Structure formats: C-alpha cells, structure tokens
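Dear colleague,

Please find below the structure that I am handing over to you. My findings follow after it.

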Amino acid sequence: MWKTYSLRTRLSLFLCAVFLVALVAGASLLRLFSADQLVDENEPAERSAVLVAGALNNALKVTYDPNAVLVAFVSGLASTSPDALQFRPVGAISTTKTDPAVALSYSHVPHWFVSFLNLPDLSRRIPILVGDRRVGDLVYEPDIRANIYEKWVGFLSIVASGVGLAFLTILIAFWTVGAALKPLSDLGNGLAKLQDGHYEARIACSGPPEIRQSCLAVNELASTLSSLNSENRTLLRRMILIQDEERRDISRELHDELGPLLFAIRANVIAMADTSNISEDDPDSAPHRAIQSVEALQMANRRILDRLRPLYIEELGLQSSVKKLLRDVHAQLPGLKVACDIGPDLDGMDSVVTQTIYRVIQEGITNVSKHAGASQMRVKAALHHGSVVVEVSDNGIGWSTEPVFGRGLTGMRERLRALAGSFELSRRDGWTSICCKLPASDVA
C-alpha cells in the first residue's frame with residue numbers, strides 16, 4: 001500500500017509520525033519528572049513544618065500550661081497558614097489535598113490527565129505530644145491544584161505547538177514537493193512525447209539546477225532526434241520516389257517491349273492458322289490454345305502494369321482511378337457490395353501522396369478479395385482536420401489470432417512511415433478496418 005501513495009502523502013505521513021513520537025516523548029518526560037518536581041518544590045515547606053512541630057513539642061515540654069500554649073499555637077496557625085499547615089486533634093478525619101480525587105475538584109483539568117501524572121503523596125503528619133500523651137498531629141498538606149493546572153497548561157502548549165508546527169511543516173513540505181515535482185512532471189511529459197515521436201516538443205526548464213540541466217539535455221536530445229527523424233523521412237521519401245521511378249521504368253519496358261511481342265505472337269499464330277487452313281476457333285486446335293495463352297499473358301501483363309504504375313491516376317485522377325479499380329473487383333466478385341467515397345479535393349495532391357493513397361486502397365481491396373470472404377466493403381478517402389484519412393473496411397471473417405502482416409501490409413506501413421503517416425488495423429462489430437492517416441503538411 002505504501003508504494004501507491006504519492007510523495008506528498010508519504011512525506012506528510014512521515015512528518016505526522018515524527019511529531020506524534022515527539023508528543024509521546026514529551027508527555028512521557030512530563031509524567032516522569034512531574035512527581036520529582038513537586039517533591040522538590042515542597043521540600044522547603046515540609047522542612048519548615050518539621051521545625052515548627054519540633055519547636056511546639058519542645059515548648060509543650062517546658063511549659064506549665066501546655067493546653068494554653070497549644071490553644072494559642074492553633075489560633076495563631078489558623079490565622080497565618082490555613083491551607084498547608086494545620087493542627088489536627090486525635091480522631092479527626094480529613095481528606096488530604098494531595099489526593100487525586102481532591103485535585104480533580106479543579107474543573108479545568110480532566111480526570112485522565114491527573115491520573116496520567118501519577119502524583120505522589122506530599123502530606124506529612126508530625127505527632128504533637130503533651131508529656132507522653134499524643135494530643136494530635138501537625139499536618140502539612142500542600143494544595144497542588146495550581147501545580148496540576150500549570151502542568152496541564154504546559155501540556156496543552158506542547159500539544160498546540162506540536163500540532164501547529166506539524167501543520168506548518170506539512171504546508172511547507174507540500175509547497176516544496178510541489179515546486180520540485182512540477183519540473184519533474186514536465187520532464188516526464190516531455191520524455192513521453194519523445195517516446196510518442198513528437199520530437200518538436202520542448203520542455204520548460206525550471207526548478208533546481210539539477211532538474212534544469214536534465215531538461216536542457218532532453219531538449220537537446222529532442223532536437224537531435226527531430227533532425228535525425230527529418231533526415232530519415234527525407235531518405236525514406238527519396239527511396240519511395242526511386243522505387244516509383246523504377247516501377248515506372250519497369251512498367252514502361254513491359255508495356256513497350258512485352259506488349260508488342262505478345263501482339264506479334266498472336267498475329268503470327270493467326271497467320272499460321274490461315275496458312276495451314278486450321279480454324280483458330282476450334283477449341284482443340286493448337287492455334288486456338290496458343291491464342292488463349294497469349295491473351296492470358298496480355299491480361300497478366302496488364303495486371304502487372306497496374307500494380308507497378310497505375311496510369312489512370314495521371315490521366316484520370318485519383319477518384320476515377322479508384323472507381324476503375326473497384327469496377328475490376330466487381331467484375332471478379334459480382335456478389336461483393338462496394339460503397340466508395342473518395343473526396344474530390346484529393347486529386348490536387350503531391351504525386352507521392354496520391355500514389356500512397358492509391359496503393360493503400362489497392363492493397364486493402366486485394367486483401368478483401370483474396371482472404372476476407374466478405375459480402376460488403378467500404379472504401380473512404382478524404383481530408384479531415386488537416387490529415388488525409390484513408391479507410392478500407394469489410395464484414396469478412398477477420399482473423400482468429402493475431403493478424404499476420406504479409407509483404408503487402410508491411411510495405412504499406414513502411415510507405416506511410418516515410419510520409420510521417422500512421423497505420424491501424426482493427427476489428428470492431430464484425431468489421432475489419434484498415435485506417436491510414438497522412439499529415440496535411442505532405443499535401444501539395
């Protein structure tokens with residue numbers, strides 16, 4: 001449980017424990033020394049009482065009228081010291097004023113505090129003799145209620161001072177910890193942003209010099225990472241451009257070289273069939289089979305050309321190219337219902353971004369047609385809050401375990417990463433979705 005507490009809570013609990021221990025120690029010392037203090041304070045008065053009793057006994061021994069001397073002494077004692085020193089005849093009963101029960105009559109002091117002090121019995125009885133007969137006692141009974149009240153006030157002062165000091169210390173600790181944690185929190189948030197790839201974020205340098213130095217170091221690290229990330233994105237973008245150029249060159253060679261050759265082969269086969277008087281429409285004839293093979297090669301060549309470099313984007317624009325792609329899918333899968341929503345403002349973008357959007361849609365449609373077994377598919381692409389959002393979703397079978405990223409999806413993620421985009425593959429409510437985002441800064 002201690003690990004779940006914040007630093008402020010831990011420090012507050014520690015300070016409270018320290019002050020509680022100090023309060024207990026002060027109360028223990030008060031109980032330990034209060035009895036000795038009362039004894040020491042009353043020792044001179046007690047000695048005086050013993051001396052007075054001795055003088056009275058000596059006077060009673062030598063006088064001819066002890067009763068008169070005793071009466072005179074008692075009268076004088078009553079007028080000079082009525083509380084602490086009294087003469088008590090034999091048989092008189094009185095409750096000592098040092099008894100805790102009597103001390104409790106002082107209403108300002110609670111019972112538990114008087115019991116806690118463990119007060120000693122400070123009363124002293126000195127016998128008064130007339131001859132060999134004991135006529136009474138000279139009783140010394142100091143009134144300790146004022147002493148108890150004084151100690152009660154001292155105890156309350158200790159408690160009030162401790163509580164006030166604890167409260168003030170906790171407030172100072174809260175302020176100090178808050179002032180120290182604020183730059184640490186900023187430092188943690190800055191590191192979290194760096195972890196998420198926000199290299200442009202900077203941390204406000206504040207707090208103690210050690211924390212400021214750490215913030216400066218993190219800001220320098222962010223600048224370095226931002227520069228490296230920018231260079232990396234530039235290199236990746238350049239790689240994509242080179243890749244597209246290579247695809248264009250390959251597609252041009254396939255179109256310019258392989259296309260005419262296939263057309264020539266077909267023409268030659270037809271000419272050979274006419275020369276040999278063999279019908280090219282006969283399904284069992286060699287010319288017919290050769291023409292079918294040539295047509296299959298021509299269709300495969302067109303599919304490869306579309307995969308390498310779709311010319312429709314440059315000629316017709318992104319929206320028309322995607323619709324052409326969907327028409328081809330519908331021709332292969334007539335039972336698949338397709339909903340398409342391509343924003344018209346996407347046609348005015350940079351060619352690299354346009355190619356990326358097309359590739360994402362193309363790869364998503366290919367996965368749906370080959371693996372999903374879906375009856376419905378939705379294709380969306382639009383500008384939304386400064387980003388280009390592309391989504392291809394279907395109601396197919398999805399995946400039973402973790403999705404496997406093949407060559408197509410891996411290439412899609414790498415291409416998006418080069419353009420500082422994001423890629424998300426999700427499954428919700430029976431629909432599998434590929435959602436990609438490109439920042440508007442890459443839009444021309």
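In what follows, helices and strands are DSSP runs, numbered from the N terminus. The model is a predicted one.

Lys151 is buried, yet it has no salt bridge. A salt bridge requires a side-chain nitrogen of Lys or Arg within 4 Å of a carboxyl oxygen of Asp or Glu. For Lys151, the nearest side chain of opposite charge is that of Glu41, 5.1 Å away. Leaving aside residues up to four places away in sequence, Lys151 touches Leu30, Ser34, Gln37, Leu38, Phe113 and Leu117.

Regarding the chain as a whole, its secondary structure comes to 11 helices and eight strands. The chain has 444 residues, of which 32% count as buried. Among contacts between residues at least 6 apart in sequence, 67% join residues at least 24 apart. The chain exposes about 26,700 Å², and carbon and sulfur atoms supply 59% of this area.

Five strands form an open sheet with mixed pairing, in the order 4-5-6-8-7. Strand 4 (337-342) and strand 7 (422-428) stand at the edges; each has a single partner strand, so one side of each is left without a neighbour in the sheet. On average, and with direction ignored, neighbouring strands of this sheet are turned by 10 degrees against each other.

Two pairings in the sheet deserve a description. Strand 4 pairs with strand 5 (residues 376-384) in the parallel sense, over six bridges. Val338 has Met377 in strand 5 as its bridge partner. Helix 9 (residues 318-332) packs on the sheet, where it touches strand 4 and strand 5, and its direction makes about 175 degrees with that of strand 4. Strand 5 and strand 6, in contrast, pair in the antiparallel sense over eight bridges. Here Ala382 stands opposite Val389 in strand 6. Helix 10 (residues 351-372) lies across strand 4, strand 5, strand 6 (387-394) and strand 8 (431-439), and runs at about 10 degrees to strand 6.

Finally, a search of the whole structure finds five salt bridges. I describe some of them here.

In helix 1 (residues 7-62), Arg47 and Glu43 are four residues apart, and therefore separated by about one helical turn. Their side chains meet in a salt bridge at 3.4 Å, N to O. Arg47 is partly exposed, with a relative accessible area of 48%, and Glu43 also counts as partly exposed, at 40% relative accessibility.

Asp137 forms a salt bridge with Arg134, and the closest N and O atoms are 2.3 Å apart. Asp137 counts as buried at 8% relative accessibility, whereas Arg134 is partly exposed, with a relative accessible area of 44%.

Glu424 forms a salt bridge with Arg428, with the closest N and O atoms 3.3 Å apart. Glu424 is partly exposed, its relative accessible area being 39%, while Arg428 counts as exposed at 51% relative accessibility.

With kind regards

Conventions:
Residues are numbered from 1 along each chain as its sequence is written. This is a predicted model: local features need pLDDT of at least 70, side-chain atom pairs count only at pLDDT 80 or more; totals for chains, interfaces and linings use all residues. Side-chain values use heavy atoms; hydrogens and water are left out. Buried means under 20% relative accessible area, exposed over 50%, partly exposed in between (1.4 Å probe, protein chains only). Lys and Arg count as positive and Asp and Glu as negative; His and the chain ends are not counted. Contact means heavy atoms within 4.5 Å. Accessible areas come from the Shrake-Rupley method with a 1.4 Å probe; for residues, only the protein chains shown count as cover. Two strands pair if DSSP finds at least two bridges between them. Axes are lines fitted to C-alpha atoms, for helices over the stretch in contact, and angles run from 0 to 180 degrees between N-to-C directions.
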